[in-house]
Amino acid sequence: MVASSATPTHCPYCSMQCGMKLVVGAGGSSVERWPEFPTNKGGLCQKGWTAAELLGHHDRLTEPLVREWRGGELRPATWDEALTRVADELRDCQGRHGRAAVGVFGGGGLTNEKAYLLGKFARVGLGTSNIDYNGRFCMSSAATAANRAFGVDRGLPFPAEDIASAELVVLVGSNVAETMPPVMQYFEEQRARGGRLIVIDPRATPTARAASLHLQVTPGTDLALANGLFNLAVKEGLVDDNFVAARTTGFDAARRVAASYWPDRVERITGVPVEQLTVAASLLGEAASVMILTARGAEQHSKGTDTVLAFINLALALGQVGKPHSGYGALTGQGNGQGGREHGQKADQLPGYRRLDDPAARRHVAGVWGVDPDSLPGPGISAYEMLEAAGTDGGVRALLIMGSNVVVSAPNAGHIQERLDALDFLVVADLFLSETAERADVVLPAAQWAEEDGTMTNFEGRVILRRAAVDPPAGVCTDLHILTALAARLGRGDLFAFADAQSVFDELRRASSGGIADYNGITYERIAAENGVFWPCPDAAHPGTPRMFLDTFGTADGQARFYPVHHKASAEEPSDDYPLYLTTGRTAEHYQSGTQTRRVASLAAAEPAAFVEIHPDLAAVFAVADGDVVQVDTARGSVLARARLTKAIRSDTLFMAFHWPGKGRVNLVTNPALDPVSKMPEFKVCAARIAKATKCDDGS
Ligand code: SF4
């Protein structure tokens, strides 16, 4: 099937899931605006505009690859040979080591249908408890915190358009001007209406430079800052006593903790001057509507859950949750970061955001799947824990990875690479021969965004539809086909008899029915007719839920919860040996591990290789000039990158983006210390040192 006209679809990259039209012609495919789609109103960033280059790219995998023995070469194979080899290896592995010896690793970019079917495949096709996904590295702390405080986790519990009407927005650890530029239209509208913006970030990013107030916080101290603002809110009489009494519990315990975060102390911890804290408190007090939005800068810490809870405490104390144009939200990162965490590819979860250890949830989902509830395995271990133990006694011995390039994106990536090499068997399904696929025993070429139908759930909780607009290249299969074909070879084909993506979605709807993330009333037809439907949407007559918490929260008693949370040091603070902070993030040009964007010519040309941002004062100490090759060391190893001197970064902090493999792969040196609850690794801060080097990764 090839569409001859423009097909409304969505960008393959980030969680904004911008609407676009894909035009397919004789000379190839191109992107056009889709102004009617409400989230981005036609706006696209350079990644979206160039996304069509990935279709028909000469690097695409177009046939399965197999390796006869470890150390041997990957060679082409038929689909039947490759799938039969995978099924045999997985079955043999389970025969030798037990069902849990096979692991499944998914991705936050997979469609809802894929995430759902991957979870079902793990629990029903393989009977393993070990499934998790790379969203654990992305949004898990915000999700954990929201579940605790509100009893439900939906990144933004309101549409993005509400940003434009908030009198004050507080952005914590988010550089939306570069990572999701089309959302800036709402910030610009907000500013035009007289609204204010506070940005909390160790870097003076383009987003921070557009703010009314930039708090250039020391890495790893956002929690203390939030508690300090809570302290000032109490002192200045900004607490909404009526809201706190009527709609929350736990205020006193949280207030008592915040009482010890007086401004001088907060300045010492965070580096943010008392005067700026006072200005921030004034802005909070003056605004009738306040929106607090966190992102990975606040969340990717070993205390990420507590940090988000601290900001939720502040929002609750101000009475700014569950009101129009206000509230707390997390800006989800990956394309389906939201839906991907709702339908069963998390270690502890069943579809509909149900818990795997809940007997009623097990009964419901097992009923939809037509299996005995007792046959469903229990919760498994989290993403990093699964990778870290791979190939060991007691760890997974065979692994199926779908839509994730962990060799570049996992923390302490050199160690993870060794663990993958220690597996008995590795199979990877991907579009390209990623750095992870290169190490696999079997590589399965998968279809991509515009080549298959599927739904995604964007950062607003809006379920959207990507329609297939072009055929996949000959020799390529969809992930859904791969899973159903493997299930058939494992003797469970009767439970995976799906004609297409829509039939998977229809089963997902039933499995989610009655759950927290209830999709039962959402259909492909409704999504197309309504430009997306917000969950929860329990039945066909329900309009969907653009705004949550207006009357009640998702907790058992309907009340939001304060949590008393203390600042603690990062797992690794600067020391004599490693005197600097190293923090990581994204660039405007690239997305995640760069498997896709590094193959788009204009994006690769604009940002071709790893760099390290260094303040000129710090660079002078090491006689480093702009463009010099610098070696960055941490306790886990070294990376090489070109110095980019900028006053936008603190003089005690280095910044590197995580899109590149090779010697510039910053995740070789990031710290895998985990948040004890969310199991989020501490990507955003570790201790580092620099030295001038002589050669970069490319030999120059
Ligand atoms: Fe794509 Fe995100 Fe850019 Fe929108 S903001 S065009 S979804 S990468």
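How do the residues of the shell around the ligand divide into nonpolar, polar and charged? I began my notebook with this count, and I found eight nonpolar residues, two polar ones and one charged one in that shell. I keep in mind throughout that I am reading a predicted model.

Entry on the ligand. I then looked up which residues make up the surroundings, and I listed Cys11, Tyr13, Cys14, Gln17 and Cys18, together with Leu44, Cys45, Lys47, Gly48, Met180 and Pro182.

Entry on the domains. I looked up how the protein chain is divided, and the assignment gives domain 1 as 5-54 and domain 3 as 141-330, while domain 2 is made of the pieces 65-137 + 336-449 + 474-507 and domain 4 covers 580-692. For domain 2 and domain 3 I noted a separation of 37 Å between their centres, taken over C-alpha atoms. Four residues from domain 2 and six residues from domain 3 take part in the contact.

Entry on the interface of domain 2 and domain 3. The size of an interface is often given as the accessible area lost when the parts come together, so I looked up that value next. Between domain 2 and domain 3 about 380 Å² is buried, and carbon and sulfur atoms give 31% of this area. On the domain 2 side, I noted that Gln338, Arg341 and Tyr353 supply 76% of the area buried against domain 3, which is more than any other three residues supply.

Entry on the polar links there. I found one salt bridge counted between domain 2 and domain 3, and I also looked up the bridge between the side chains of Arg341 and Asp153, where the N to O distance is 2.6 Å. Six residue pairs are in polar contact between domain 2 and domain 3, with both residues at pLDDT 80 or more. By class, the side of domain 2 that touches domain 3 has two nonpolar residues, one polar residue and one charged residue.

Entry on salt bridges elsewhere. I counted 36 salt bridges in the structure, and I picked out the one in which the side chains of Arg60 and Glu451 meet at 2.8 Å, N to O. This pair links distant parts of the chain, 391 residues apart, with Arg60 in the loop between helix H1 (46-49) and strand E4 (65-67) and Glu451 in the loop between strand E18 (442-445) and strand E19 (454-457).

Entry on the backbone. I noted a cis peptide bond from Trp535 to Pro536, with omega near 0 degrees, and I placed Pro536 in the loop between strand E21 (533-534) and strand E22 (560-561). Asn412 has a positive phi of about 50 degrees although it is not a glycine, and I found Asn412 in the loop between helix H17 (406-409) and helix H18 (413-421).

Notes. Residues numbered from 1 in each chain as written. Predicted model: local features only at pLDDT ≥ 70, side-chain atom pairs only at ≥ 80, totals over all residues. Heavy atoms only, no water. Near = heavy atom within 4 Å. Nonpolar A, V, L, I, M, F, W, Y, C, P; charged D, E, K, R; others polar. Domains from an automatic or database assignment. Contact = heavy atoms within 4.5 Å. Buried area = accessible area lost by both parts, 1.4 Å probe. Salt bridge = Lys/Arg side-chain N within 4 Å of Asp/Glu carboxyl O. Polar contact = N/O pair within 3.5 Å; in protein donor to acceptor, adjacent residues only side chain to side chain. Helix = DSSP H or I, 4+ residues; strand = E, 2+ residues; numbered from the N terminus.
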